[in-house]
Amino acid sequence: MTDAVIETEGLTKRYGSTVAVDDLDLTVIGDEIYGFLGPNGAGKSTTIGMVMDYVRPTAGRVRVLGGDPRADAVEIHDRLGILPDRYDLYDGHTARQHLDFVIDTKRASDAPEQLLARVGLDDSSDQAVDTFSQGMEQRLALAMALVGDPELLVLDEPFTGLDPHGVRTVREIVHEENDRGAAVFFSSHVLGQVELVCDRVGILHHGRLVAQGTVDELRERTGVGADASIEEVFVSITDETAATDGRATEGR
Amino acid sequence: MRWSPLARKEARTVATSKGIWLLAVLLVPWGYRPSYVGWDGLGANITAGYVQLAGTGLLPLGVLLLSYQSIVGERTAGSLKFTLGLPLTRADVLLGTVVGRTVGIAGPVTLSFLVLAGIGLLDHGAFDPLPFLGVVLVTLLYVGVLVSIAVSVSAMVERTVTAAGAVFGLVFLPFIVFWSRLATVVFSAATGTAVNPFEPPASGPLFLLHRLNPGGAYHVVSNWVLGVGNSANTYSTVLSELQPQVSTNALVVEATFQPGAVPGYLHESVGLLVLLAWLVVPLGLARLVFSRGDVA
């Protein structure tokens with residue numbers, strides 16, 4: 001399947017005079033793992049918010065799994081799994097109750113125990129989430145995203161709060177899901193992991209997509225050298241953009 | 001229904017909170033208020049009247065307090081991102097929350113009413129189960145109305161403190177506590193006639209105004225079930241007002257209007273329509289506001 005699972009055209013979100021996402025054209029296709037990178041505040045979560053219909057675009061268009069995020073929310077969310085950023089779990093509920101809620105709402109047939117085992121929470125299924133560490137919360141949130149074998153996984157900063165074991169678990173699950181046929185769209189500012197996971201990356205800076213391609217392509221483009229780390233590529237691209245922005249402002 | 005798992009989750013959230021059980025315990029002494037006038041008017045059925053007293057003042061306050069955080073709390077904490085990431089429309093989220101919270105409150109509150117029934121049985125002997133059941137059902141409908149109002153407010157604001165202020169200052173105080181005074185003032189201002197509530201004029205609009213708030217409509221319908229008289233006040237005040245030589249500030253249709261001269265819109269069944277309107281209209285408004293714009 002190579003149809004676009006996420007497609008944006010001129011997507012823009014303004015909050016008052018602040019532009020969070022600026023004229024974004026982005027396409028994620030159906031069999032890829034797409035890393036959406038950028039510094040904090042670049043507009044990654046706002047973009048994901050528009051994909052999920054948490055927030056509404058000021059201008060432009062976004063299509064998710066061929067539908068409109070607002071009008072077709074039910075159908076889209078049936079086929080998609082989301083791990084949001086800056087969330088809170090449902091206080092007073094156990095891990096299993098969280099999963100049952102998602103499974104029942106999606107009318108899926110997953111077994112909560114299997115999902116918990118996949119994310120390494122086998123021993124905590126009847127524990128209320130109020131006692132969870134940040135890493136355990138993140139694992140549970142990932143398990144909730146996996147319910148119903150979604151065609152598209154949207155993971156907003158999936159490595160947040162995870163120890164190295166957790167980071168590896170996320171990476172393995174992303175690959176497993178992709179092998180199963182799911183597209184994965186994830187945002188991150190933790191760059192070290194990106195090269196190990198992504199087929200393609202897009203770099204967002206001040207709300208604009210400043211580079212897109214495989215990590216190798218970006219390396220070539222920036223001329224930082226073939227053995228440069230992705231951090232160096234990233235810094236080079238965002239610096240270059242900042243300099244261009246500066247010149248543009250001075251020129252006015 | 002797509003929203004039934006959400007309703008189950010919401011019911012569990014309320015039913016496992018300390019607040020609802022504190023409310024359930026307090027409702028028993030709050031409702032149990034034996035009175036001579038009540039015994040004279042209702043006999044052993046005064047037990048059903050206790051349920052109405054439990055439903056006056058404390059119950060609305062408790063229900064509003066247990067519901068105002070529902071949507072806005074999840075929104076500010078971020079758990080709404082999970083709920084809205086599921087195959088649910090924003091309207092589904094409102095509906096599931098209202099139904100779930102209502103059920104979660106109705107269960108423990110019904111236990112309080114059963115305890116009141118037990119106390120009444122010991123104190124006053126066997127009562128007629130039908131009016132008792134009737135008042136319980138009307139009270140549970142009233143719980144649903146109050147939940148619907150509070151959840152609607154919760155969905156229309158962006159901060160928890162705004163929701164608390166709005167539910168207390170714009171719903172509880174004017175529409176539950178001070179309504180009869182406000183209604184009199186509004187009527188006087190609109191018609192230019194001063195109203196002495198102890199000797200009210202036989203004015204249909206004045207009486208209607210007094211029963212347009214959720215609490216007034218609840219009293220009209222539950223008084224109807226109890227058979228004490230047609231009024232937006234508590235059953236015991238109504239019974240006092242209808243005694244010869246006694247005058248209260250309660251507006252009771254039978255005490256003011258000549259038989260046969262009562263406007264049709266003052267019939268008790270209209271109280272049910274008023275309650276249903278309070279159930280549906282705020283929720284409709286909240287649906288419009290909540291479905292529009294950004295929520296995270």
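# Close-up views of a predicted two-chain model

**Figure 1. The contact between chain A and chain B.** In this predicted model, 23 residues from chain A and 21 residues from chain B make up the contact. On the side of chain A that touches chain B, the elements giving two or more residues are helix 2 (73–78) and helix 3 (95–106) of chain A. Helix 3 of chain A contributes the most, with 5 residues. By residue type, the side of chain A that touches chain B comprises 13 nonpolar, 4 polar and 6 charged residues.

**Figure 2. Helix 3 of chain A and its surroundings.** Helix 3 of chain A has 12 residues, which at 1.5 Å a residue should span 16 Å; the end C-alpha atoms are 17 Å apart, in agreement with that value. Its buried residues are Ala95(A), His98(A), Leu99(A), Phe101(A), Val102(A), Ile103(A), Thr105(A) and Lys106(A). An α-helix has 3.6 residues a turn, so residues three or four places apart point the same way. The buried residues of helix 3 of chain A pack against helix 2, helix 4 (112–118) and helix 5 (134–146) of chain A, together with helix 1 (4–15) of chain B. Just after helix 3 of chain A, Arg107(A) has a positive phi of about 50°.

**Figure 3. The three-stranded sheet of chain A.** An open sheet of chain A is formed by 3 strands in the order 2-1-4, with antiparallel pairing. Strand 2 (18–29) and strand 4 (59–64) of chain A are the edge strands; each has a single partner strand, so one side of each is left without a neighbour in the sheet. From one strand to the next, the twist averages 15°. Strand 1 (residues 4–15) and strand 4 of chain A run antiparallel and are joined by 5 bridges. Ile6(A) has Val64(A) in strand 4 of chain A as its bridge partner.

**Figure 4. The six-stranded sheet of chain A.** Here 6 strands of chain A form an open sheet in the order 5-6-7-3-8-9, and the pairing is mixed. At the edges stand strand 5 (80–83) and strand 9 (208–213) of chain A, each with a single partner strand, so one side of each is left without a neighbour in the sheet. Neighbouring strands of this sheet are turned by 15° against each other on average, direction ignored. Strand 3 (residues 33–37) and strand 8 (residues 200–205) of chain A run parallel, with 4 bridges between them. The bridge partner of Phe36(A) in strand 8 of chain A is Gly202(A). Helix 1 (residues 44–51) of chain A lies across strand 3, strand 6 (152–156), strand 7 (183–188) and strand 8 of chain A, and runs at about 145° to strand 6 of chain A.

**Figure 5. Strand 6 of chain A.** In a regular strand the side chains alternate between the two faces of the sheet. Both faces of strand 6 of chain A are covered, with Leu152(A), Val154(A) and Asp156(A) buried on one side and Leu153(A) and Leu155(A) buried on the other. In total, 5 of the 5 residues of strand 6 of chain A are buried. Strand 5 and strand 6 of chain A pair in the parallel sense over 4 bridges, and Gly81(A) has Leu153(A) in strand 6 of chain A as its bridge partner. Strand 6 and strand 7 of chain A also run parallel, joined by 5 bridges; the bridge partner of Leu152(A) in strand 7 of chain A is Ala183(A).

**Figure 6. Two loop residues of chain A with positive phi.** Leu65(A) sits in the loop between strand 4 and helix 2 of chain A. Its phi is near 50°, a positive value in a residue other than glycine. Leu65(A) is buried, with 22 other C-beta atoms within 10 Å. Arg86(A) is in the loop between strand 5 and helix 3 of chain A, and has a positive phi of about 45° although it is not a glycine. Arg86(A) counts as exposed, with 12 C-beta neighbours inside 10 Å.

**Figure 7. The surroundings of Ala48(B).** Ala48(B) lies in helix 4 (residues 46–54) of chain B. It is buried, with 28 other C-beta atoms within 10 Å. Not counting residues up to four places away in sequence, Ala48(B) touches Phe127(B), Pro131(B), Phe132(B), Val135(B) and Leu226(B). Ser35(B) is 13 residues from Ala48(B) along the chain, and their C-alpha atoms are separated by 13 Å.

**Figure 8. Confidence along chain A.** Chain A averages a pLDDT of 92, and 96% of the residues score at least 70. Over residues 248–252 of chain A, pLDDT stays under 50, and the model has 0 contacts beyond four places in sequence for these residues. Where pLDDT is low, the predicted coordinates should not be read in detail.

Note on methods. Residues are numbered from 1 along each chain as its sequence is written. Chains are lettered from A and ligands numbered from 1 in the order in which they are written. This is a predicted model: local features need pLDDT of at least 70, side-chain atom pairs count only at pLDDT 80 or more; totals for chains, interfaces and linings use all residues. Two residues are in contact if their C-beta atoms, placed from the backbone, lie within 7 Å. Ala, Val, Leu, Ile, Met, Phe, Trp, Tyr, Cys and Pro count as nonpolar, Asp, Glu, Lys and Arg as charged, and the others, Gly among them, as polar. The expected span of a helix is 1.5 Å times one less than its number of residues. A residue is buried if 20 or more other C-beta atoms lie within 10 Å of its own, exposed if 12 or fewer, and partly exposed in between; C-beta atoms are placed from the backbone. pLDDT is the predictor's confidence in each residue, from 0 to 100. Two strands pair if DSSP finds at least two bridges between them. Axes are lines fitted to C-alpha atoms, for helices over the stretch in contact, and angles run from 0 to 180 degrees between N-to-C directions.
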